[in-house]
Amino acid sequence: RLGWSHQDQEIFSREDMIQAFNFESVSRSPAAFNMEKLNWLNQHYLKTLPAADITNRLIKLAQSQGIQMPLTDMLIKAIPLYAERCHTLLEMIQALKPIYGTVTLEGIDPAAREKHLTPQALAPLATLKDQLQNLELWTTEHIHDTMQATATQLNLGMGKIGMPFRVALTGMGQSPSIDQIAALLGKAETLRRLEQEISLFE
């Protein structure tokens, strides 16, 4: 809303606005455009519209950018996770690359690589991979418990396990909860990406 308000309401459907509008509530002061509020409002719709709807919009926008984004159940399931972190569809396209694409060693964010893929990360990654290999129930909860058990076994904080794991699976230093991402990717792809990262140290 610009130059008009209705009590403290910030979000309106078209029908809401038609019913609430009146000229008495139009401000005499010049309207001020607020990009931060626009991003907040945009994120509201990313979080509340059906994931399938957001996915279709993403795919169309990605195609217009020359990006191939296949429609998959995994992509649809990822939308609620990434909607919590993204404000626009363009941000979401970039953030979702580990889901609709592949993570290569060359594509890992240099800053994340330098900070988290140190020689000290080899033992935690190798131990975690072995533990996950034996995991029979591939759920967010079981993956989280395995990460915690690995940290306890190696007498490390969860960050020393979780951050190299995050970089292995996403190629990035930031993402939704990495146990959720691993559950979404599935066991085979998670182990493949872990093995790929471990190969850096060989």
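Here is a walk through a few local features of this predicted model, from salt bridges to a helix crossing and a surface patch.

Let's start with the charged pairs. The count of salt bridges comes to five, taking a side-chain nitrogen of Lys or Arg within 4 Å of a carboxyl oxygen of Asp or Glu as the rule. One of them joins the side chains of Glu 84 and Lys 47, with an N to O distance of 3.7 Å. Glu 84 sits in the loop between α4 (73-83) and α5 (89-95) while Lys 47 belongs to helix α2, so this pair ties together parts that are 37 residues apart in sequence. As for cover, Glu 84 counts as exposed at 51% relative accessibility, just past the cut-off of over 50%.

Take Asp 53 and Arg 57, whose closest N and O atoms are 2.8 Å apart in a salt bridge. Both are in helix α3 (residues 51-64), and because they are four residues apart, about one helical turn separates them. Asp 53 is partly exposed with a relative accessible area of 26%, and Arg 57 is partly exposed too, at 42%.

What else is linked with Glu 189 and Arg 193 in a network of salt bridges? That would be Arg 192. Is Arg 193 buried or exposed? It is buried, because its relative accessible area is 2% and the cut-off for buried is under 20%. Glu 189, at 21%, counts as partly exposed.

Next, look at how two helices pack. The axes of α9 (residues 140-154) and α10 (residues 158-170) come within 8 Å and cross at roughly 125°. That angle makes α9 oblique to α10, and the crossing is right-handed. In the loop between α9 and α10 you'll find Asn 155. Its phi is near 55°, a positive value in a residue other than glycine. Asn 155 also counts as exposed, at 69% relative accessibility.

Finally, back to helix α2 (residues 35-48), which holds Met 35. Together with Phe 33 and Leu 38, Met 35 forms a nonpolar patch on the surface, with about 320 Å² of accessible area among the three. Met 35 itself is partly exposed, at 45% relative accessible area.

How values were computed: Residues are numbered from 1 along each chain as its sequence is written. This is a predicted model: local features need pLDDT of at least 70, side-chain atom pairs count only at pLDDT 80 or more; totals for chains, interfaces and linings use all residues. Side-chain values use heavy atoms; hydrogens and water are left out. Patches are made of residues with over 30% relative accessible area and no salt bridge: like charges are joined within 9 Å, nonpolar side chains (Val, Leu, Ile, Met, Phe, Trp, Tyr) within 5 Å. Accessible areas come from the Shrake-Rupley method with a 1.4 Å probe; for residues, only the protein chains shown count as cover. Buried means under 20% relative accessible area, exposed over 50%, partly exposed in between (1.4 Å probe, protein chains only). Axes are lines fitted to C-alpha atoms, for helices over the stretch in contact, and angles run from 0 to 180 degrees between N-to-C directions. Angles under 35 degrees count as roughly parallel, over 145 as roughly antiparallel, 65 to 115 as roughly perpendicular and the rest as oblique. A crossing is left-handed if the near helix is turned anticlockwise from the far one by less than a right angle, and right-handed if clockwise.
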